[in-house]
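Please view the sequence and the structure below, and then read on.

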Amino acid sequence: MALPPDRKDGPVSGKSALRKRCRAIRASLAPNERGSADRSIAYRIIHSPEFMDAEIIASYLSCGVEVDTHTIIERAWIMGKTVVLPRCVSGSRLMRWFKVDSFEGLERGSLGVLEPHVDPGREVDPCGKRHVLALVPGLTFDMQGFRLGYGGGFYDAFLERFDGISLGLCREMQVVDSLEALCAVDSHDVPVGAIATEKRLIVPSSNS
């Protein structure tokens with residue numbers, strides 16, 4: 001879909017204005033609609049070949065009105081998969097990943113989200129492993145697989161190094177035709193391999 005304008009004189013352009021508009025659109029979805037969409041997204045992911053075949057799930061832990069990942073993570077544990085969550089490294093764009101076996105014992109990180117403790121014995125580098133599925137958050141994704149994140153650059157840096165399967169999680173109302181047309185794609189941006197919404201799995205033509 002085309003992103004609605006937030007001004008009378010033209011469409012949204014630039015990442016800062018676009019983030020503000022996307023946050024407003026995401027927040028406008030009623031809790032029951034959001035929950036229904038997220039359950040459908042989780043079902044689509046859990047029953048996908050990419051999830052079934054993965055040995056490691058590198059997931060974000062959803063908070064607030066993000067697409068929920070708790071159900072997906074719990075199913076991964078039931079199936080005996082390794083689940084790793086990121087911890088942002090302060091003062092950089094890097095994330096360290098640690099194996100988690102429950103939602104207990106996490107701590108509030110510098111960005112206000114729950115993160116695993118630093119434990120060298122449980123650290124896993126998803127970029128150096130095979131059969132890894134990375135679940136990627138975003139304010140919006142486009143039909144080419146590009147995403148608009150929160151501005152920290154952590155997932156941009158991760159995707160530059162990651163050569164496994166990356167899957168963006170996005171509600172249908174947050175999908176746009178082209179972020180490049182909205183002046184929101186930079187030369188270093190890396191598209192995800194596919195996008196899961198409550199209605200479909202979007203595979204960019206360059207990845208199919």
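## Helices and their surroundings

In helix H2, the buried residues are Arg34, Ala37, Asp38, Ile41, Ala42, Ile45 and Ile46. Seen down the helix axis, these residues fall within an arc of 160°, so they line one face of H2; the arc is that of the directions from the axis to the C-beta atoms. Asn32, Arg39 and Tyr43 are exposed on the other side of H2. Here buried means under 20% relative accessible area, exposed over 50%, and partly exposed in between (1.4 Å probe, protein chains only). Helices (H or I, at least four residues) and strands (E, at least two) are DSSP runs, numbered from the N terminus.

The model is predicted: local features need pLDDT of at least 70, side-chain atom pairs count only at pLDDT 80 or more, and totals for chains, interfaces and linings use all residues. Residues are numbered from 1 along each chain as its sequence is written, and side-chain values use heavy atoms, with hydrogens and water left out.

The buried residues of H2 pack against helix H3 (49-53), H4, strand E6 (132-136), strand E9 (165-169) and strand E11 (194-196), where contact means heavy atoms within 4.5 Å. Helix H5 (residues 154-161) is mostly covered, with 6 of its 8 residues buried. Its cover includes E2, strand E3 (95-99), E6, strand E8 (147-148) and E9.

## Salt bridges

The structure holds 9 salt bridges, a salt bridge being a side-chain nitrogen of Lys or Arg within 4 Å of a carboxyl oxygen of Asp or Glu. Three of them are listed here.

| Pair | N to O distance |
|---|---|
| Lys15 and Asp186 | 3.0 Å |
| Glu107 and Arg87 | 2.6 Å |
| Arg96 and Glu123 | 2.8 Å |

In the last pair, Arg96 in strand E3 and Glu123 in the loop between strand E5 (114-115) and E6 are 27 residues apart, so distant parts of the chain are linked. Arg96 counts as partly exposed at 30% relative accessibility, and Glu123 does at 35%. Lys15, with a relative accessible area of 19%, is buried, whereas Asp186 is partly exposed at 35%. Lys15 and Asp186 also belong to a network of salt bridges with Asp189.

## Around Met79

Met79 lies in the loop between helix H4 (70-78) and strand E2 (82-88). Its relative accessible area is 37%, which makes Met79 partly exposed. Leaving aside neighbours within four places in sequence, Met79 is in contact with Phe51 and Met52. Met79 and Met52 are 27 residues apart in sequence and 8.9 Å apart in space, C-alpha to C-alpha.
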